Structure formats: C-alpha cells, structure tokens
Amino acid sequence: MLSINPKEIPTAQLHGYMLGAVAPRPIAFASTIDEEGRPNLSPFSFFNVFSSNPPVMIVSPNRRVRNNTTKHTYENAKATKEMVINVVNYDIVQQMSLASTEYPEGVNEFEKAGLTMLKSEEVKPFRVAESPVQFECKVREIIELGNEGGSGNLILCEVVMVHVNEDILTSDGKIDQYKIDLVSRLGGNWYGRSREGLFEVPKPLSTMGIGVDQLPDHIRLSKVLTGNDLGKLGNIEALPTANEIEDFINSEIKLNSTLEEVTEDELHRLSQKFLNNNDVLSAWKVLLAKK
C-alpha cells in the first residue's frame, strides 16, 4: 500500500490521485456572463447536488495549479451572482470537451463548441439548448478554500428554474436513465458513459483549437456529421496543407478514383469513419479533398 502525505508531493500529482480515485464525477457545464454581458461556457467535474429544499448545487472552479490564476466562470459568478448548470450527455461530450479549451477572455465558447445559446427565464446566462436538462441558478454564496494553485472556490448555486427535454422522460414523467445517456468524468482522458461504460476523450489542445465556428458551412451544417464529430474537427490547431491533402488522396486509391463522382454526403460519411477512429487529421483531408 502506497501511503502519501499530501503536503509532501506536488499539488499536480495529488490532483491526479484524487481525480483518478474519486470518480466517476458528474459534469456541470456551467454557463455564465461577465459584467459586460459576454457569455462564457465551461465544464467542471468538481460538482454535485447537495440539497433538495432549498435546491442547491455546488460547483468548484479551482485555481489553476500551474499558475494560480482563477477561471472566468468563478470571476463571472462572483460578479453577477448567476449561473446555468447544464448536464452533459454523450451527444455533446466532444463539444463539451472543446469548450474546456482556455480561450481568451471574451471569446464565446458556445460558438467555438458549436452549441446553441438558449435564453433563460430567471437569469441572464444562456442555457445550452442541446443539453437534456438545464438548471437556472442564483449564486447564494462563494466559499474560497485557499489562495494557492489548486485551491477550490465552492459556488453554492440555488436552482430557481429547471428545464427538462421531454424526450428523455418515461411515460410517468420521470427521467429515463437510459434515454438521458449521461457522461461522467474520471482521471486522465477517461470518461464514463452511464449506460455503456468507459471511453476516452483526448484532452483539448494546449494551444487553441480553431473551433466549430471556424468550420466551412458545408461541414458545420452537414446532414451526416454529428455534434461530437464537429467537436473533434474544431479541436485542431491548423488545417492540413494542400500538399498533405494531395498526398493523402494519392495514397487512398479508392478515394482518388471516385473523387469526381462522390457526393458531399458520401465524403462526410467517409470522414466520419476516420473520426470514429479518432484520426482527425485524415478526416479533415477527406473533407477538403474535393473543392
């Protein structure tokens, strides 16, 4: 048995042990706005529900371990006292992951992740339209646990309005756990899909993915590619070059021989096969093969 004194190891190492052992964790896809009204969207797995009467949830945007800075979600919640907590199901897990990229202040992660802003009824932050359940919240209190990297900031959120997609309900009005298809966070790149088991989502680039908002319309509005597919495509720093695309076409005899005849939907389906194998670069080359 390995015994560890938390004070004797680096915070990042302790953080890894905690995230790997205390799991699976639900994900709060937290929507806030800053004092200028600019939207922000970011996921957090230091999250749970702690009271039903009053209905209170707690989400903790910790200080960053590497440089001890605070996150926009914490800053916005502290300034405006409002938040929307959207749950994450499998259909939006890739877009959720893309939204976790640390874009500069003022960048709209709804747009970067290709998600739809839905006006709330009781608070100013927007809901994620694609999320099956959305909780509009007022911030009751923020408990700051420290001022060092890794310190938590417990945001106590009182739920003032709940929105549930009726498609996930049973005939007697309860949430069907199979239909809602929730995902949870574990250590490293690992996630849990409640109805099926473990899967991996590569962490977003340490640089900046181009975002779903930068995808050409014929890709972004595809009838074939899913939101998760678009999330993977948006998490690339730069598109393949013309030479890379040409080399790829020449190496793919089947693609090269049918390129003039293949339809856009067929190209998208072929690209999707590469995406299903997490080969995002090849997926892009397919999509850009025919101009």
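1. A nonpolar core here is a set of buried Ala, Val, Leu, Ile, Met, Phe, Trp, Tyr and Cys residues joined through side-chain atoms within 4.5 Å. Buried means under 20% relative accessible area with a 1.4 Å probe, protein chains only.

2. The model is predicted: local features need pLDDT of at least 70, side-chain atom pairs count only at pLDDT 80 or more, and totals for chains, interfaces and linings use all residues. Residues are numbered from 1 along each chain as its sequence is written, and side-chain values use heavy atoms, leaving out hydrogens and water.

3. The largest nonpolar core has 23 residues. Leu215, Ile219, Leu225, Leu230, Leu233 and Trp284 touch the most other members. Two or more residues come from each of helix 7 (227-234), helix 8 (242-251), helix 10 (264-276) and helix 11 (280-287). Helix 11 gives the most, with four. Helices (H or I, at least four residues) and strands (E, at least two) are DSSP runs, numbered from the N terminus.

4. Take Leu225. Beyond neighbours within four places in sequence, its contacts (heavy atoms within 4.5 Å) are Ile219, Leu230, Leu233, His268, Gln272, Leu275 and Leu287.

5. A second, separate core holds 21 residues, including Phe47, Tyr74, Met83 and Cys137.

6. Helix 11 is mostly covered, with six of eight residues buried. These are Ser282, Ala283, Trp284, Lys285, Val286 and Leu287. Their cover includes helix 6 (217-220), helix 7, helix 8 and helix 10.

7. Strand 3 (residues 47-52) and strand 4 (residues 55-59) run antiparallel, joined by five bridges. Strands pair if DSSP finds at least two bridges between them. The two form a hairpin with two residues between them. Val49 stands opposite Met57 of strand 4.

Definitions and conventions:
Buried means under 20% relative accessible area, exposed over 50%, partly exposed in between (1.4 Å probe, protein chains only).
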